[in-house]
Protein chains: 2
Amino acid sequence: MGTGNTAGDTFGQILEAAKELFYEKGYENATTREITDRAGITKAAMYYHFRNKQEILYTICLQAADELIGNMREAIAASREPGGDLRGQMRRILLSYANTYLKNKIFNKILLHDIEYLDEDKKRVILDKEKENVHQLRGFLEGLIERGVLRPVNPTVMTFSLISTLHWLFFWYREGGPLTLEQVIDEIVDLFLFGSAAPQPPAG
Amino acid sequence: MGTGNTAGDTFGQILEAAKELFYEKGYENATTREITDRAGITKAAMYYHFRNKQEILYTICLQAADELIGNMREAIAASREPGGDLRGQMRRILLSYANTYLKNKIFNKILLHDIEYLDEDKKRVILDKEKENVHQLRGFLEGLIERGVLRPVNPTVMTFSLISTLHWLFFWYREGGPLTLEQVIDEIVDLFLFGSAAPQPPAG
């Protein structure tokens, strides 16, 4: 995703190099020297943009978290337009989340592992953004329950079940495997909307 | 959970102390000295049972993984007995898994984080046991699909969705909160079996 924007590119180059290195070696093992080498810049150029390695980590987390929140907000807003069917709405929201999430592989690994290296106040900001995403999705589901589109399930349980299911794709879903991401999301949507129990033959 | 069995207790005491310390400080930050201090034993006694700190980590992982596998096997076997209803079967399996999993908090954290500190061959053994658990559950669901109890959902997607939903309880479920674990599991079972879409009024 090169932007061709050379003026602001150093900032982006540092982040890209750091993302790759954190993903490959872990935050703790990657040095600022390796980051500047891979980005092809001087240490001075790096320190112009970031105070230290932790600030790079924090910026990566912030960007990914904001992208997740923004994309979910858009998908939910689009789903509120009249005329959409429930299945299509859920599909759009979950696909948007899964796409953003899988694209930000490094963020996923960081959330599970490297977030411990952030100072408490920075860690709190990232975790609060995660929470905001949970609240967005739960609010959307609560609206569907209020309007009688969904039965009165527990919205917290459904929200966390959906989010965990999407996050888990990171561990098992591989592009080029037997199912496309769209097919997996369709399965998930149908599972959460219509369940898995076979329809019962009418009694009597 | 003191056993009162003093003869074999050193082994168990080391594991308990290490579990606590790994959970509190992370594997890397916990020293063998802290483990022996907390267990109230000598270094010599520790090295009689374990070659090094990694072997303690490995033993903790093995025990938890074997307990998860064993309990799921039992719950699945019990579900195969005649006369059980689908809801009750699923409930028993998921509750058993969730209980075992939440009990082994340290194992959860290790699987997400400290497993990287195991040598490749040891890591492989633990990950293979995780896989065995996935296979057990998927095999059970495939049986239900074959017998027409479940509609032909994708068993892989359903298996990972269920497992991720149970694992995620670690992040949000708290004892003493608004829902008991049994209530949460009931919600999850109903969500995965019957979905969340409100029944449609008959057309016409």
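How many helices and strands make up the secondary structure of chain A? I counted nine helices and zero strands in chain A. Here helices (H or I, at least four residues) and strands (E, at least two) are DSSP runs, numbered from the N terminus. From the N terminus on, I read the elements of chain A as α-α-α-α-α-α-α-α-α. I also noted the box filled by the C-alpha atoms of chain A: roughly 80 × 35 × 35 Å, taken along the principal axes.

**Ground rules**

This is a predicted model, where local features need pLDDT of at least 70, side-chain atom pairs count only at pLDDT 80 or more, and totals for chains, interfaces and linings use all residues. Residues are numbered from 1 along each chain as its sequence is written, chains are lettered from A and ligands numbered from 1 in the order in which they are written, and side-chain values use heavy atoms, with hydrogens and water left out.

**Entry: α4 and α7 in chain A**

I looked up helix α4 (residues 53-79) and helix α7 (residues 120-146) of chain A. They pack at an angle of about 10°, with their axes 10 Å apart. Axes are lines fitted to C-alpha atoms, for helices over the stretch in contact, and angles run from 0 to 180 degrees between N-to-C directions. That angle makes α4(A) roughly parallel to α7(A). The cut-offs are: under 35 degrees roughly parallel, over 145 roughly antiparallel, 65 to 115 roughly perpendicular, and the rest oblique.

Next I listed who touches whom, where contact means heavy atoms within 4.5 Å. On the α4(A) side I found, among others, A:Y58, A:L62, A:I69 and A:I76. The α7(A) side includes A:V125, A:I126, A:L137 and A:F140. The residues of this contact divide into twelve nonpolar, four polar and six charged. For the classes, Ala, Val, Leu, Ile, Met, Phe, Trp, Tyr, Cys and Pro count as nonpolar, Asp, Glu, Lys and Arg as charged, and the others, Gly among them, as polar.

**Entry: α8 and α9 in chain A**

The axes of α8(A) and helix α9 (residues 181-194) of chain A come within 12 Å and cross at roughly 155°. α8(A) and α9(A) are therefore roughly antiparallel to each other. The crossing is right-handed. A crossing is left-handed if the near helix is turned anticlockwise from the far one by less than a right angle, and right-handed if clockwise. From α8(A), the contact uses A:M158, A:S161, A:L162, A:T165, A:L166, A:L169 and A:W172. From α9(A), I wrote down A:L181, A:V184, A:I185, A:I188 and A:F192. By class, I got ten nonpolar, two polar and no charged residues.

**Entry: pockets and a cavity**

I needed the rules before looking for space. On a 1 Å grid over the protein atoms alone, a cavity is a set of points where a 1.4 Å probe fits but cannot get out, and a pocket is an open set with protein on both sides within 12 Å along at least five of seven lines; lining residues have an atom within 4 Å of a point. Grid points are joined across faces, edges and corners, and a volume is the space filled by probe spheres set on the points.

How much space lies in the largest pocket? I noted about 1300 Å³. Its lining has 40 residues, and A:F171, B:L111, B:I115, B:E116 and B:L127 lie nearest its centre. The largest share, nine residues, comes from α7(B). The lining divides into 17 nonpolar, eight polar and 15 charged residues.

The second largest pocket has a volume of about 1000 Å³. It is lined by 30 residues, with A:L111, A:L127, A:E130, B:F171 and B:W172 nearest its centre. α7(A) gives the most to this lining, with eight residues. I sorted the lining into 16 nonpolar, five polar and nine charged.

Last, I found one cavity of 30 Å³ or more. Its lining is B:A65, B:L68, B:I69, B:F107, B:K129, B:E130 and B:N133. α4 (53-79) and α7 (120-146) of chain B each give two or more of these residues.
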